[in-house]
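Open the model in your viewer and take it one selection at a time.

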Amino acid sequence: MESILEFNHVHYAYHTKDGETKALSDITFSVANGEFVAIVGPSGCGKSTLLSLICGLLTPESGWIHLNGRPLSDNAVNIGYMLQHDHLFEWRTIYHNILLGLEIQHKLSSQTRAKARELLDTYGLGQFADARPFELSGGMRQRAALIRTLVLDPQLLLLDEPFSALDYQTRLTVSNDIGQILRKEQKTAILVTHDLSEAVSLADRILILSPRPATVQSIVEVSFDLAQDTPMNRRNAPEFKHYFNMIWKELNQNA
Ligand code: ADP
């Protein structure tokens, strides 16, 4: 399968008046089109730095990053984001929140409006189109935030701890929900999380980073023998514990 994202021997360090903090060291990996990759690693190891490099907020000190086979600066890929907070505007209805990105990018048309309506209906928010965000549950708000991103048709989605502001129960349902939406839409996604069970329930591959400066400690291929491969079904499958323990051991090897 073709790679949408390639990191090749990437190094990055922060320079402040107190000195240098090496964040990433010799990071090489790639993500194939349609793949769901989770990135796990100890707190402060460099996960957010890695995402900032992908979206071009930071530039590698050495090494290179390609999107669709071209340098990052060529803007060859439309990137979407899903963050810890949904950032929905309370003064806008759900429908108008969902149109926001289209408005900013000057892509509002009858076609994109219809696409927004269709996504709202498909993912169970059709009857909340005229509601304000405060009328929705935390899970529904996250779904609305995802639809706002999907309507822009991103080729690559960056998910930065998207469920960590939710309580445990909601988190399970929402990650199940969002995982299935992303599969159905055949989106390529990179999820940064500190929650191993979330990573195992959602990803095709898990990149395990070492403590700072982060190196790629190992990459685990995740595969479940399930008729319906959903995050919730994975959590109940016998292989789940195996993957969880394997990654737990890897992460604690350096503790
Ligand atoms: P993670 O997302 O894995 O928790 P980060 O990528 O946020 O880790 O940070 C990696 C390291 O780089 C940490 O030690 C952090 O303190 C440091 N760091 C992050 N941002 C900056 C910055 N703007 N200036 C200096 N050091 C930073």
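Two residues are in contact when heavy atoms of theirs lie within 4.5 Å. Keep that in mind for this predicted model. Among the contacts in the protein between residues at least 6 apart in sequence, 70% join residues at least 24 apart.

**Whole protein.** Show it as a cartoon. Nine helices and ten strands make up the secondary structure. The radius of gyration is 19 Å, close to the 18 Å that the globule rule gives for 255 residues, so the protein is as compact as a globular protein of that length. Its C-alpha trace spans about 50 × 45 × 40 Å along the principal axes.

**Surface.** The protein exposes about 12,300 Å², and carbon and sulfur atoms supply 49% of that. Of the 255 residues, 51% are buried.

**Ligand shell.** Now select Tyr14, Thr16, Pro42, Ser43, Gly44, Cys45, Gly46, Lys47, Ser48, Thr49 and Arg212: these are the residues around the ligand. By class, three are nonpolar, six polar and two charged.

Zoom in on the oxygen atoms of the ligand. One is 2.5 Å from an N or O atom in the side chain of Thr49. For the side chain of Ser48, an N or O atom is 2.7 Å from a ligand oxygen. At Cys45, look at the backbone instead: a polar atom there is 3.1 Å from an oxygen of the ligand. Taken alone, the ligand exposes 560 Å², and the protein buries 61% of that.

**Elements.** Color β1 (3-16) and α1 (47-54), the elements that give two or more residues to the shell. Which one gives the largest share? That is α1, with three residues.

Conventions. Residues numbered from 1 in each chain as written. Predicted model: local features only at pLDDT ≥ 70, side-chain atom pairs only at ≥ 80, totals over all residues. Heavy atoms only, no water. Near = heavy atom within 4 Å. Polar contact = N/O pair within 3.5 Å; in protein donor to acceptor, adjacent residues only side chain to side chain. Areas by Shrake-Rupley, 256 points an atom, 1.4 Å probe, with all protein chains shown as cover. Helix = DSSP H or I, 4+ residues; strand = E, 2+ residues; numbered from the N terminus. Nonpolar A, V, L, I, M, F, W, Y, C, P; charged D, E, K, R; others polar. Rg over C-alpha atoms; globule rule 2.2 N^0.38 Å. Buried < 20%, exposed > 50% of the residue type's maximum accessible area, 1.4 Å probe, protein only.
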